[in-house]
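Please look over the structure shown here before reading the notes.

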Amino acid sequence: MTAWHGKMIAPDSDFAGAPQLRTETKLDDGHGVVESAVLRVSAHGVVEAWVNGNRASDEVLTPGWTSYEWRLRYAEHDVTALVAADRAESDLVLGLARGNGWYRARLGWTGRDRLYGDELAAIAELKIRFTDGHEQVVATDSSWMAGPSPTTANDLYNGQDIDARLRDDAWLRPGFASAQWVGVHEVDADPALLEPYI
């Protein structure tokens, strides 16, 4: 397995168990056309990844259930088309929409929750290769921001509540800023537990 550049991060506020995480940067200049872009993503909880305002895949409930004490699955997506679609625009926005999933929601017949941990966290890494061989890596770290989503409650057994009045896709666009958004912090996690999604 290739080593990860990204760190497991968690929001400084829980945001009803459905925080959104984002970062914004620029594509490196002077290296020609984007040849490939591959996104790896995983989470304590479930995660949906976004690149430049578009879903990275049609998968839901990534990374699925796992025995978190033994392994943490990650998904890998070819997002070249999402990064290179408009090379004239050098802005790059990565977003991660989060949920409790099997990690923290009610699990099993006992009705207990938080069986694996109290804090939702995610790890992501986008590797961009240019035609001249230059590689740019954008990964989760303490510079990311976290904010609320329209999801006001989520649980695998009890379902999901969404307040559509709160929906605003501006967090996926360049230049977004909001006083409701807070910082993130790194979470102690063993990268050796990360294994490919099957």
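This is a predicted model: local features need pLDDT of at least 70, side-chain atom pairs count only at pLDDT 80 or more; totals for chains, interfaces and linings use all residues.

Residues are numbered from 1 along each chain as its sequence is written, and side-chain values use heavy atoms, with hydrogens and water left out.

**Backbone geometry**

- Most residues other than glycine have a negative phi, and most peptide bonds are trans.
- The peptide bond from T62 to P63 is cis, and its omega is near 10°.
- P63 sits in the loop between β5 (54–55) and β6 (72–78); helices (H or I, at least four residues) and strands (E, at least two) are DSSP runs, numbered from the N terminus.
- L61 is also found in the loop between β5 and β6, and has a positive phi of about 60° although it is not a glycine.
- L61 counts as partly exposed because its relative accessibility is 37%; buried means under 20% relative accessible area, exposed over 50%, and partly exposed in between (1.4 Å probe, protein chains only).
- R114, which is not a glycine either, has a positive phi of about 55°.
- The loop between α2 (101–104) and β8 (121–130) holds R114, and this residue counts as partly exposed because its relative accessibility is 38%.

**D91 and its contacts**

- D91 belongs to strand β7 (residues 91–99).
- The side chains of D91 and K26 are joined by a polar contact of 2.6 Å. A polar contact is a pair of N or O atoms within 3.5 Å; within protein, one must be able to donate a hydrogen and the other to accept it, and residues adjacent in sequence count only if both atoms are side-chain atoms.
- Leaving aside residues up to four places away in sequence, D91 touches T25, K26, N52 and P174, where contact means heavy atoms within 4.5 Å.

**The cavity**

- A search of the whole structure finds 1 cavity of 30 Å³ or more. On a 1 Å grid over the protein atoms alone, a cavity is a set of points where a 1.4 Å probe fits but cannot get out, and a pocket is an open set with protein on both sides within 12 Å along at least five of seven lines; lining residues have an atom within 4 Å of a point.
- The largest cavity holds about 50 Å³ of space; grid points are joined across faces, edges and corners, and a volume is the space filled by probe spheres set on the points.
- Residues lining the largest cavity include V41, R55, T62 and H77.
- Strand β4 (residues 46–51) gives the most to this lining, with 3 residues.
- The lining of the largest cavity has 4 nonpolar, 3 polar and 3 charged residues. Ala, Val, Leu, Ile, Met, Phe, Trp, Tyr, Cys and Pro count as nonpolar, Asp, Glu, Lys and Arg as charged, and the others, Gly among them, as polar.

**The pockets**

- The largest pocket contains about 890 Å³ of space.
- Its lining has 36 residues, of which Q20, A97, S149, P150 and T151 lie nearest its centre.
- The elements that give two or more residues to the lining of the largest pocket are β4, β7, β11 (151–155) and β12 (159–162), and the largest share, 4 residues, comes from β4.
- By class, the lining of the largest pocket has 19 nonpolar, 11 polar and 6 charged residues.
- The second largest pocket has a volume of about 330 Å³.
- Of the 19 residues that line the second largest pocket, M8, V187, A189, D190 and P191 lie nearest its centre.
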